[in-house]
Amino acid sequence: MEFIKPDVSYDIIGKRTYAYIVSLVLIVISIGSLVLHGGPNYGIDFAGGSLIQVQFSEEVTLSEIKDILTTAGLKDPVVQSFTGGEKNEYIIRVVETDLDVATLSEMVMENLTDHFGEGSVELRRVEMVGPRVGEDLKRKGLLAVVLAVVGILIYVSVRFEFRYALGAVAALVHDSIITLGAFSIMNYEVSLPIIAAILTVIGYSINDTIVVFDRIRENLRKARKEPEEEVMNRSINETLSRTIITSGVTLLAVLALLFLGGGVIHDFAFALTVGILVGTYSSIYVASPVVLAWSKLFPHKGSAHRRKRRR
Amino acid sequence: MIKDLRIRFGIIAVVVLVSVAYLIPTLIVKEDRTLPNWMTNGIAMGDERVKLLPSKTLHLGLDLKGGMHLLLGVDLDEALANSLDRFSTEVGGYMDDEGIAYKKSGREGTELVVVLSSSEDEQALKDYVSERYRMLTVTESRTIEEGGMEIRFVYREKDLAEFNDRTVEQTLETIRNRVDELGLTEPEIIRQGEYDILVQLPGVSDMESAKELIRKVALLEFKLVVDDDEMLSEALKGNIPEGMELVYEKVKDRETGEIMDEVPYLVEEETQMTGEVITDATIAFDSSKAGRPYVHIEFDRRGEALFEKVSGDNVGRRLAIILDNNVYSAPVIKSRITGGAAIIEGSFPLDEAKELAIVLRAGALPATLTLLEERTVGPSLGTDSIRMGFMATLVGGALVVIFMALYYGASGLVADLALFLNMVIILGIMSAFQATLTLPGIAGIALTIGMAVDANVLVFERVREELRLGKTPRASIEGGYSKAFLTILDANVTTLIAALVLFQFGTGPVKGFAVTLSVGIVTSLFTAIFVSRTVFEFAMSRFRIKRLSV
């Protein structure tokens, strides 16, 4: 079986202006949404606060829960249904409270049980993150992303050339921004596992990109007279089948997680899904064009010479 | 690459068998998480018991097992204040003994301040302090307007760091003792960051009481009670005299644990002693009084001196034992107590005596704890997570397996075999190293499924290219693997960089994800390259393959 015929030859590099426009639009939408929402919608991991997850044995509405809690004296409780979880499962978030989380969860459970009856509510999860820890995690999360990017930049610079590293990093910054943007548009919370997902997307996107670069490097050695643009385009086409198959296969596994993995893993799987889609696109349409653009902006004398020396 | 196929199969067999051996306990573990006796304790062989198989099951994270995760901050400022308070009491005692006239010996912020009536005694005091409290240094010493000499001491920077460090260590130890009393399996109590303490209590059944026990770990203080009914009733109206404070004893219902009543005490604000000076507290029974229980306390040398002074100066008064601002007992000091040991007797029931002993022993903490982070996963959610995560991985895996077989034919089946072995090896390695499997970790495994076939996809696409060039199946396989190898390596190393950074940064569940991802990357290199290639080469040498199904 074959999805992509071996003799495909799409003019990918030639049409890179369109890709730039598409990417630019996606990035503008992402950043726009982030700005409109006043930054990422941080979950309690980063923003601090308390979270209580409860499950009801019968149908209950959001506003019912909210009313009960507000009457009980909680200030601005945020009640959300738990995406991807069991039916009638809800998350209650409280940012500002003088109560410690044990007292808080006890109070919430007491009020809900009073209203809905003994045994109809189950406490599933309680989380509390203090403001200091939240700040700390935010700082560490950012640091981790930066470190991963720098690490990859160095490795690719050593194994390839600096301009390739630049293309790879451009692609993965592109992917991270759009993944974060998708979260912002969906109004999903950015929590600790989401940072993990973004780092994975970074790793995944670079994986795809490297395969393309590897082929470009190989083809450049073979065809030294051919213009770089053409070699790039040919290389992308040659690896297209592999790029699509791998992403498709990984997507199968991730989509299973998204739909069957349960609520706790849902947002995490969503980040991976978006990231893999965008990552595949960027390793075809962003990484190599950026390398090319860099070479055109700063034509470096050593290019042909270096190619010779490598073999 | 090793040429001899037999050696290569041998290596594969050993790796797979060892992985399976480590997986067996997890596969046969019973519902109540126990293993058969022959596995845990080994089999009798002559005089010895020999363990044939590993007996550790896969280590599940809190998010899968259910349990509590607490991050506690130690209030170091308060610990320092307590320490200086104690010093000021001791310095005061010294000056009393030596007949040095002074106007004040107390604490101001982080400084110990002594005001001498006459500057003549300055050197004597400084000598005493520098000899007895080597961690203190003089910051200022000046004559004050009202007459007298004010001398200020602070902790040296280096000693303060050491003090903080010791405080945290001591707290850690005390929490450990307390958690041990809960009788949990595999609790984890470790330092995190510079001065924080991470407590992980997997599978804790009674979350409330566990939390209460740990949260109870706090400041134990001894303060003198002001037994004056008139002053007490005034204080209850809000007129608390200078230098005094109100504290309460909670009277609990023995059966339900509900708070029945609160008894107020008016005490002197100054802390006479903290639990720090207590080395041990036990219950004993007085045979002359019908076996009534009493609590026996032992002090360290500093505590001995301190307690001798406190008791000697205050015979007949009551000394309140206060933990976390809750009075637990307020025994009367009957006489000056020397010798480093004291007893508290009263008409309390056994469990109350026991609790007092625990409070005194385990509560010998110099500082209060603040809860910085708490995550509790109920057992039902954990079970759901395992079930759904497992299901999703299974379905995802099945989809991938079917796709590979359809798309690459017989070669796809080889990739599927490699994938299956990969899963076995990943879980085997995680069991062997007792790495923690978390819910994101399961996601990592699902993701690894995708990544693991990637190496084979790269190889197969190459093989197809080679075949198109008209090469023989054998040469195509050869070319496919060797040309794809560096690509695969580069691609995986970069992913590994991201995974390792994640491991460094992550806590709990996220770390679990980094672990499975990193292990998965390494094992997939083994299975997707070494194993699948060996299978291909075996098939090539065994059968005369004219057409390659790829």
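Helices here are DSSP runs of H or I at least four residues long, numbered from the N terminus. The model is predicted, so local features need pLDDT of at least 70 and side-chain atom pairs count only at pLDDT 80 or more, while totals for chains, interfaces and linings use all residues. Residues are numbered from 1 along each chain as its sequence is written, chains are lettered from A in the order in which they are written, and side-chain values use heavy atoms, with hydrogens and water left out.

Start with the rings. B:Phe403 and B:Tyr407 are both buried (under 20% relative accessible area, with exposed over 50% and partly exposed in between, using a 1.4 Å probe and protein chains only).

Another pair, B:Phe460 with B:Phe536, is edge-to-face, at 5.9 Å centre to centre and 85° between the planes. B:Phe460 belongs to helix H12 (residues 439-468) of chain B and B:Phe536 to helix H14 (residues 508-542) of chain B, so this pair ties together parts 76 residues apart in sequence. B:Phe460 is buried, at 1% relative accessible area, and B:Phe536 counts as buried too, at 6%.

A charge sits over a ring if NZ of Lys or CZ of Arg is within 6 Å of the ring centre and within 35 degrees of the ring normal. In chain A, the charged end of A:Lys138 is over the ring of A:Tyr42, 4.6 Å from its centre, and A:Arg217 lies over the face of A:Phe160, at 4.1 Å from the ring centre.

Finally, there is helix H10 (residues 287-297) of chain A. Its buried residues are A:Ala287, A:Ser288, A:Pro289, A:Val291, A:Leu292 and A:Ser295. Among the elements covering them are helix H1 (16-36), helix H6 (162-186) and helix H9 (263-285) of chain A, going by contact, meaning heavy atoms within 4.5 Å.

Technical notes
Phe/Tyr/Trp six-rings, centres within 6.5 Å; stacked < 30°, edge-to-face > 60°. Helix = DSSP H or I, 4+ residues; strand = E, 2+ residues; numbered from the N terminus.
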